[in-house]
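Open your viewer and get ready to select residues by number. Each stop tells you what to pick and what is there.

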Amino acid sequence: MTTVIGDLLPLALGVAISPIPVIATVLMLLAPQAKGASLGFLLGWLVGIVVATTVFVVIAATTGLDSGSSPSAASAWIKIGLGVLLLLVGAKQWRGRPRPGEVVVLPKWMAAIDSFTFVKAAGLGFLLAAVNPKNLLMCVAAGSAIGGSGISTGDMVVAAAVFTVIAASTVAVPVIGYLVAHERMRNPLDELRVWLGDNNATVMSVLVLVIGVVLIGKGIGGL
């Protein structure tokens with residue numbers, strides 16, 4: 001199982017360091033309904049990661065990707081395919097990154113976050129985790145790695161839990177920190193929001209490109 005968890009770590013970090021959900025979390029923590037909205041977003045984010053990953057664990061485990069004592073050719077080609085997709089996504093985002101001095105325009109839905117309720121925030125968290133293409137690709141790769149590893153069901157559950165905890169950490173930590181000491185968190189959160197807004201595309205494109213290369217390398221190694 002340690003090998004599987006090792007494969008999951010870069011994927012989990014790829015989800016965790018995704019700037020958009022972190023920015024959304026920060027905006028909710030600065031909003032009038034900070035407590036309810038941020039807890040709803042965290043719940044939706046966790047459920048989205050679990051659902052997306054579990055679906056592909058089941059698909060990988062039931063389609064024969066875990067047959068044999070070594071990784072199958074199908075599993076290797078899936079990794080290569082996902083790696084190529086991530087490279088394409090990363091390259092597109094890198095080309096679209098704002099140039100020095102260019103004003104960064106955040107998505108329109110972020111302007112409405114001040115009025116988000118628990119339910120709306122939970123729905124947004126789920127969508128960003130399970131439907132957002134970049135995060136979905138990470139969850140697909142993680143689910144395929146777990147389901148195609150040939151480990152026991154109990155170990156699969158543990159591996160999926162480890163992936164989820166790490167992937168959700170950058171949303172969970174600010175929310176928990178706000179609940180513990182919200183006054184102290186306000187200035188650091190505002191500074192983090194500005195920095196992530198300015199560097200969102202660059203951070204995500206570099207991260208996706210690196211993980212894409214890692215997946216392709218692992219896939220080639222499994223052929």
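The tour below goes from the whole chain to single residues.

**Before you start**

This is a predicted model, where local features need pLDDT of at least 70, side-chain atom pairs count only at pLDDT 80 or more, and totals for chains, interfaces and linings use all residues. Residues are numbered from 1 along each chain as its sequence is written, and side-chain values use heavy atoms, with hydrogens and water left out.

**Stop 1: the whole chain**

Show everything as a cartoon. The chain has eight helices and zero strands (DSSP runs, numbered from the N terminus: helices are H or I, at least four residues; strands are E, at least two). Of its 223 residues, 44% are buried (under 20% relative accessible area; exposed is over 50%, partly exposed in between; 1.4 Å probe, protein chains only).

Now colour by pLDDT, the predictor's confidence in each residue, from 0 to 100. The chain mean is 81, and 85% of residues reach 70 or more. Confidence is highest in helix H5 (residues 118–130), at a mean of 93, and lowest in helix H8 (residues 182–221), at 73.

**Stop 2: helix H1**

Select residues 2–16, which form helix H1. Where does H1 bend? Look at Leu8: the bend there is about 30°, and Pro10 follows within four residues. The bend is the angle between axes fitted to the seven residues ending at a position and the seven starting there. Buried residues of H1 include Val4, Ile5 and Leu11.

**Stop 3: two rings in H3**

Select Phe41 and Trp45. Both sit in helix H3 (residues 34–62), four residues apart, about one turn of the helix. A search of the whole structure finds one aromatic pair. Phe41 and Trp45 form that pair, and it is stacked: 6.4 Å centre to centre, 10° between the planes. (Rings of Phe, Tyr and Trp, its six-membered ring, pair if their centres lie within 6.5 Å; planes under 30 degrees apart are stacked, over 60 edge-to-face, the rest tilted.)

**Stop 4: Thr53**

Stay in H3 and pick Thr53. Is Thr53 buried or exposed? Buried, with a relative accessible area of 1%. Leaving aside neighbours within four places in sequence, Thr53 is in contact with Cys139, Ala142, Gly143, Ile146 and Phe163 (contact means heavy atoms within 4.5 Å).

**Stop 5: helix H6**

Finish with residues 133–147, helix H6. Here 13 of the 15 residues are buried, so H6 is largely enclosed by the rest of the structure. Zoom in on Asn132. Asn132 caps the N-terminal end of H6, with a side-chain oxygen 3.2 Å from the backbone nitrogen of Lys134.

Definitions and conventions. Expected span 1.5 Å × (residues − 1). Polar contact = N/O pair within 3.5 Å; in protein donor to acceptor, adjacent residues only side chain to side chain.
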